[in-house]
Amino acid sequence: MNLRLEALQALTRRHFLQSASLGLGGLALAELGGTTRADAPTIPTDNPLASRKPHFKPTAKRVIYLHMSGAPPHLDLFDYKPELIKQDGKDCPDEFLKGKRFAFTSGVPKLLGTKQPFKQRGNAGVWMSDAIKPLHDVADEVTVIRSMKTDEFNHAPAELLLYTGFARQGRPSFGAWTTYGLGSESKNLPGFVVLISNGVQPSGGQGCWGSGFLPSVFQGVQCRSKGEPVLYLSDPPGIDRDTRRLGLDAMKDLNELQEKELGHPETRTRIAQYELAYRMQMSATEVMDISKESPKLLDAYGAKPGAASFANNCLLARRLIEQGVRYVQLFDWGWDFHGTNPGEDIRDGLTKKGTVTTQAVAALIKDLKNRGLLDDTLVIWGGEFGRTPFREGRTAGSSVLGRDHFPDCFSLMLCGGGIKAGYTHGESDDLGFKVGSDLVHVHDLQATLLHCLGFDHTKLTFRFQGRDYRLTDVHGKVVKEILA
């Protein structure tokens, strides 16, 4: 009998890692410790969301990102193409199809010029269609990038690339990177709040606001504009606030014992989140109550207290940042204009959708400006990619007009927070198939937004599995032309 061999065979992985404190166990603990770069944020253990300073003086202190899930048809909103209108109904030139893949189109599709009236708006002459009439009034406040490009042509990977810098699940989102770098200015609300209208989550799922390998305290907290702001936040029947406090204190003691024993950073995160949830019981309900706003302002947004809508969420976004929330993410489904039904028609369907939603967007921009918040609040409006300059293949014979997914060129709108006002950046070619000048890749957009928040995107990193990761992966450059 070999006692030594039998003893070794009885060892589990847990025993091995526990005894190897100077070997693999030590390496694992060091890895859990997170960042190693001198210029990476230092996360306070007692309050991970404590406000922190960026690398340099920022032009934006907070972010409101308005995502139009499904990808708006930019050629019918911001990118006016007279030549495409002239070529309407003709076969798409082979040079634009060769070697390309499209989500739902094959063969030779027909070119599709916009049916929307276009005109240059504001003193700056920003091209906008009548499908987004409410935005005409704020044309001099915004920058429109008409030369955006992404690498993905399906919704989920495109949304993940836009928000996490990677087309698959597992990386931290832009909002998580923001709260990791800056913390929050609110003591009673999450640093990162997510609001979803129409009851439909984005195709990229919760990865669009997840924390990935960052501590989970930095992930987005989904709130509701109708009913309880956060599910299960309220005390259950028979439990009053004092009893809840006693329970939390006992749980905190147990978690602190575990944290001392194992040193796992997520334990400290758990303690912070329980305490935040306790404080949110009072503050979240108050901030989510838009009935306190004036009837005139509610009408300007198109918001209705007690309802669940994009308009309500835009108004909530303003209320949340006023209370110190660092990053508010809005998702609005219904922009996938393939033309498979009348609601997806780029004529009446787009006008109806565009008018209702941009009324709230325009009201938000005006509201922020009137309150002195627009100058240091970064507002972004757009989708995950664009739409084709030709008819969608499945609906080519239909009376309903729609467009397919298109990653090679699309438009995005930004304002506030250090972004130029009344400016158009870049352009597509005459038919809208590719970027004609001043290409802005998704990674360039991410680098620019982080720059507005005061970060060198190459230095906002987190060490994971032996590598320093960042939002922009190994790409990205700041688009200085759009900065004020």
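1. Start with the lining of the second largest cavity: its residues split into five nonpolar, one polar and no charged. They are Tyr-65, Leu-162, Phe-174, Leu-445, Gln-446 and Leu-449. Helix H12 (residues 442-452) gives the largest share of that lining, three residues. The space inside comes to about 40 Å³. Bear in mind that this is a predicted model, and every value here is computed from it.

2. How many cavities of 30 Å³ or more are there? The count is two. The largest cavity holds about 50 Å³ of space. Around it you'll find Pro-72, His-74, Leu-77, Phe-78, Trp-381, Gly-383, Phe-385, Phe-410 and Ser-411. That lining divides into six nonpolar, three polar and no charged residues.

3. Now for the nonpolar packing. The largest nonpolar core has 55 residues, and the members touching the most other members are Leu-66, Phe-78, Leu-135, Leu-195, Trp-381 and Met-413. Apart from that core lies another, of 47 residues, with Phe-174, Phe-213, Phe-218 and Phe-331 among them. As a rule, nonpolar side chains in soluble globular proteins tend to be buried together.

4. Leaving out residues up to four places away in sequence, Leu-66 touches Phe-310, Cys-314, Leu-330, Val-361, Leu-364, Val-379, Ile-380, Trp-381 and Gly-382. One of those partners, Trp-381, is listed with Leu-66 among the core members that touch the most others.

5. Is helix H5 (residues 155-164) mostly covered or mostly open? Mostly covered: eight of its ten residues are buried. Those eight are His-155, Ala-158, Glu-159, Leu-160, Leu-161, Leu-162, Tyr-163 and Thr-164. The cover over them includes E1, helix H6 (174-182), strand E7 (327-333), strand E9 (386-391), strand E10 (403-406) and H12. Just after H5 comes Gly-165, with a positive phi of about 80 degrees.

6. Next, a lysine to check. Lys-81 sits in the loop between strand E1 (62-69) and helix H4 (82-86). Is Lys-81 buried or exposed? Buried, because its relative accessibility is 10%, below the 20% cut-off. Its side chain makes a polar contact with the side chain of Ser-428, at 3.1 Å. Not counting residues up to four places away in sequence, Lys-81 touches Leu-75, Ser-428, Asp-429, Asp-430 and Gly-432.

7. Finally, two backbone spots. Most residues other than glycine have a negative phi. Asp-438 is not a glycine, yet its phi is positive, about 60 degrees. You'll find Asp-438 in the loop between strand E14 (435-437) and strand E15 (440-441), and it counts as partly exposed because its relative accessibility is 43%. Gln-465 likewise has a positive phi, near 50 degrees. Gln-465 lies in the loop between strand E16 (462-464) and strand E17 (467-469). At 61% relative accessibility, Gln-465 counts as exposed.

Note on methods: Residues are numbered from 1 along each chain as its sequence is written. This is a predicted model: local features need pLDDT of at least 70, side-chain atom pairs count only at pLDDT 80 or more; totals for chains, interfaces and linings use all residues. Side-chain values use heavy atoms; hydrogens and water are left out. On a 1 Å grid over the protein atoms alone, a cavity is a set of points where a 1.4 Å probe fits but cannot get out, and a pocket is an open set with protein on both sides within 12 Å along at least five of seven lines; lining residues have an atom within 4 Å of a point. Grid points are joined across faces, edges and corners, and a volume is the space filled by probe spheres set on the points. Ala, Val, Leu, Ile, Met, Phe, Trp, Tyr, Cys and Pro count as nonpolar, Asp, Glu, Lys and Arg as charged, and the others, Gly among them, as polar. Helices (H or I, at least four residues) and strands (E, at least two) are DSSP runs, numbered from the N terminus. A nonpolar core is a set of buried Ala, Val, Leu, Ile, Met, Phe, Trp, Tyr and Cys residues joined through side-chain atoms within 4.5 Å. Buried means under 20% relative accessible area, exposed over 50%, partly exposed in between (1.4 Å probe, protein chains only). Contact means heavy atoms within 4.5 Å. A polar contact is a pair of N or O atoms within 3.5 Å; within protein, one must be able to donate a hydrogen and the other to accept it, and residues adjacent in sequence count only if both atoms are side-chain atoms.
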